[in-house]
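User: Please take me through a few features of this model, one at a time. I would like the general idea each time, and then the case at hand.

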Amino acid sequence: MKVIVFSLPNCQPCRMTKERLTANGIEFVEGSIEKHRELFRSMGFKSAPVVLVEPDTGMAVSWSGYQPEFIKALVEGKPEGYGITGYARMRISIEMREPELFAAPGEPK
């Protein structure tokens with residue numbers, strides 16, 4: 001499973017999300033909302049952080065803001081969130097700016 005947390009500096013919900021993921025042993029990579037602000041806005045994300053989850057099987061999900069119930073579902077191995085319409089387009093757009101976010105563990109960045 002791949003988890004990416006897009007955050008802003010000095011963002012309390014971002015800090016809380018990252019702390020809770022870390023405390024529960026969920027590995028994630030961090031991206032910047034600033035680099036993708038228009039993309040996220042166009043897809044309806046209105047608060048920080050924006051969390052993308054690519055499970056090993058099944059559909060990618062996302063959420064924005066501090067969502068402890070979605071983090072709990074990740075810990076339980078049942079990712080929840082909102083299905084992402086146009087996820088492939090969004091991933092390509094993000095990957096063009098920050099390819100290291102999608103690198104497999106051990107791949108050069």
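User: Leaving aside neighbours within four places in sequence, which residues is valine 53 in contact with?

Analyst: Contact means heavy atoms within 4.5 Å. By that rule, valine 53 touches Met1, Lys2, Val3, Ala60, Val61, Trp63, Leu74 and Pro79, once neighbours within four places in sequence are set aside. Before we go on, note that this is a predicted model, in which local features need pLDDT of at least 70 and side-chain atom pairs count only at pLDDT 80 or more, while totals for chains, interfaces and linings use all residues. Residues are numbered from 1 along each chain as its sequence is written, and side-chain values use heavy atoms, leaving out hydrogens and water.

User: Where is the place of valine 53, and does it count as buried or exposed?

Analyst: Helices (H or I, at least four residues) and strands (E, at least two) are DSSP runs, numbered from the N terminus. Valine 53 sits in strand 3. Buried means under 20% relative accessible area, exposed over 50%, and partly exposed in between, with a 1.4 Å probe and protein chains only. Valine 53 has 0% relative accessibility, so it counts as buried.

User: What does the secondary structure of the protein come to?

Analyst: There are four helices and five strands, and from the N terminus on they run β-α-β-α-β-β-α-β-α. Of the 109 residues in the protein, 40% are buried. Taking the contacts with a separation of 6 or more, 61% are between residues 24 or more positions apart.

User: How many aromatic pairs does a search of the whole structure find?

Analyst: A pair of aromatic rings is described by the distance of the centres and the angle of the planes. Rings of Phe, Tyr and Trp (its six-membered ring) pair if their centres lie within 6.5 Å; planes under 30 degrees apart count as stacked, over 60 as edge-to-face and the rest as tilted. The search of this structure finds three pairs. In one of them, phenylalanine 6 and phenylalanine 40 have ring centres 4.9 Å apart and planes at 65°, so the pair is edge-to-face. Phenylalanine 6 belongs to strand 1 (residues 2-7) and phenylalanine 40 to helix 2 (residues 37-42), so this pair ties together parts that are 34 residues apart in sequence. Both residues are buried. The rings of tryptophan 63 and phenylalanine 70 have centres 5.3 Å apart and planes at 50°, so that pair is tilted. Tryptophan 63 is buried at a relative accessible area of 1%, and phenylalanine 70 is buried at 8%. Ring pairs also link Phe6, Phe40 and Phe45 into a cluster.

User: How many residues has the largest nonpolar core, and which have the most contacts inside it?

Analyst: In soluble globular proteins, nonpolar side chains tend to be buried together. A nonpolar core here is a set of buried Ala, Val, Leu, Ile, Met, Phe, Trp, Tyr and Cys residues joined through side-chain atoms within 4.5 Å. The largest has 15 residues, and Phe6, Phe40, Val50, Met90 and Ile94 have the most contacts inside it. Strand 1, helix 2, strand 3 (50-54) and helix 4 (87-97) each supply at least two residues of this core. Apart from it lies another core, of 11 residues, including Leu21, Val51, Val53 and Trp63.

User: Where is proline 68 found?

Analyst: Proline 68 is in helix 3 (residues 68-75). With a relative accessible area of 28%, proline 68 is partly exposed.
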